[in-house]
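Thank you all for making the time this morning.

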Amino acid sequence: MDSKKRELSNRNPLISIIVPICNVEPYVSKCLDSIVNQTLKEIEIICIDDCSADRSAEIIREYAEKDPRIVTIFHEENLSTSQARKDGVSLSRGKYIMFVDGDDELFLEACETAYHAIEQYRTDMVQFDTEIVNCAGVPEERIQMNQKLLKPYMEEIREDNLVFSCWEEKKFGFSLWNKIFDGEICRKAFEKVKDGCFPKAQDLYAFFLIAYYSNTYMGIDVPLYRYKFGLGVTGSNNISVNKFDILLTERKIWECLTEFIKEQKEESRYQNILDGIYQHFLGECVNRWKSNLQLEDLSEGFRHLADIWGLQDVLCKLAAQNWNMASSIAEKMVQVDYFKHIPRENKKRKTIAMYYHSIRNGGAQRIVAALCNMWAAMRDEGGERLYDVV
């Protein structure tokens, strides 16, 4: 990993902005322009290139040459946005931290507005509103649904932590990029994020940890972030098996959170929330299999789905989500070879017939029953019965 840090002044920046970047050449210049031209100038911009195959790394080098506030990190292999953010946060010095994805943009007054809000309310985080740009031509209903989900909760929250406010009371969402965070809390949380590749649900993973260590929240009804919906894996209407496999890695996030809670020895307190996250991930994966895979990919996708989540859980969730859509689900299941019977080689099976004379107080019946059960249980290398027993 090549890294470069520039001295800004004798004091730390007010805000560190973490920008993970990977193969976003068409968008990264607009993203960086929206950050370097912020009305609040006392910021540092930490750009982490996650082994881009296009000109993204070259572009952020060009910007870093012109602006001493830009810090660059270059991954030599693709490690996912989760690792990129963790590396960026560990290098940060800001009193507060914000996140921007490399294909999105900030409003020019975003840092100034967010900074004054978190200073005014003296909370561990402040959430602002989001403008969603439909970049995938998805139905407007889906855009409106996401707009609603991204709305900030407009009251102050003070609790022992914010996990229950988010996941149980559902007062606000877990996106990282529509909030400003206390820098020390954010750095503490990211120390608990596991190293490694987590290509899906990174926001949920990191925010769960931030929320666990945070006590206070406030929302402001001001749009400060421009979200380009549909440029990543989440927004696409039709997805390939490879992108579907990325979605399936959500289970790894649930496993990491379960391990974290076990380390805190608070399994009973958070079990319902962890179960809810499991069902949320499972439901999302099942729904994307049903709705977004091409017809020719349904069979392979179902096999991957069952391998990751288990056949029983997949079928139960599929039934629960589509109880009144049996016909349409049946049409899709016809394409799935997971359940097709593969005939075995026709082998003639021998029959063993047992006849015995029952004697009062004799043991013949027990012996015959034991022998019959033993013969009936015998199988060949393919799992077929060796004998019919009568």
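This is a predicted model: local features need pLDDT of at least 70, side-chain atom pairs count only at pLDDT 80 or more; totals for chains, interfaces and linings use all residues.

Residues are numbered from 1 along each chain as its sequence is written, and side-chain values use heavy atoms, with hydrogens and water left out.

Strand 5 covers residues 96-99, and its pairing with strand 2 is parallel, over four bridges; two strands count as paired if DSSP finds at least two bridges between them. Helices (H or I, at least four residues) and strands (E, at least two) are DSSP runs, numbered from the N terminus.

Strand 2 also pairs in the parallel sense with strand 3, residues 43-49, over seven bridges, and there I15 has I43 as its bridge partner. Together with helix 1, residues 25-36, strand 2 and strand 3 form a right-handed β-α-β unit, where right-handed means that, with the strands pointing away from the viewer, the path from the first strand over the helix to the second runs clockwise.

How many of the residues of strand 2 are buried? Seven of its seven, across residues 15-21, where buried means under 20% relative accessible area, exposed means over 50%, and partly exposed lies in between, with a 1.4 Å probe and protein chains only. I15, I17, V19 and I21 point one way from the strand, and S16, I18 and P20 point the other way.

Let me turn to the charged pairs. A salt bridge here is a side-chain nitrogen of Lys or Arg within 4 Å of a carboxyl oxygen of Asp or Glu, and by this rule the count comes to 24.

One of them joins the side chains of D195 and K86, at 3.0 Å from N to O. D195 sits in the loop between helix 7 and helix 8, K86 sits in helix 3, and the two are 109 residues apart. D195 is exposed at 54% relative accessible area, whereas K86 is buried at 14%.

Another salt bridge links K228 and E105, also with 3.0 Å from N to O. Because K228 lies in strand 10 and E105 in strand 6, this pair ties together parts that are 123 residues apart in sequence. K228 is buried, at 12% relative accessibility, and E105 is buried with a relative accessible area of 12%.
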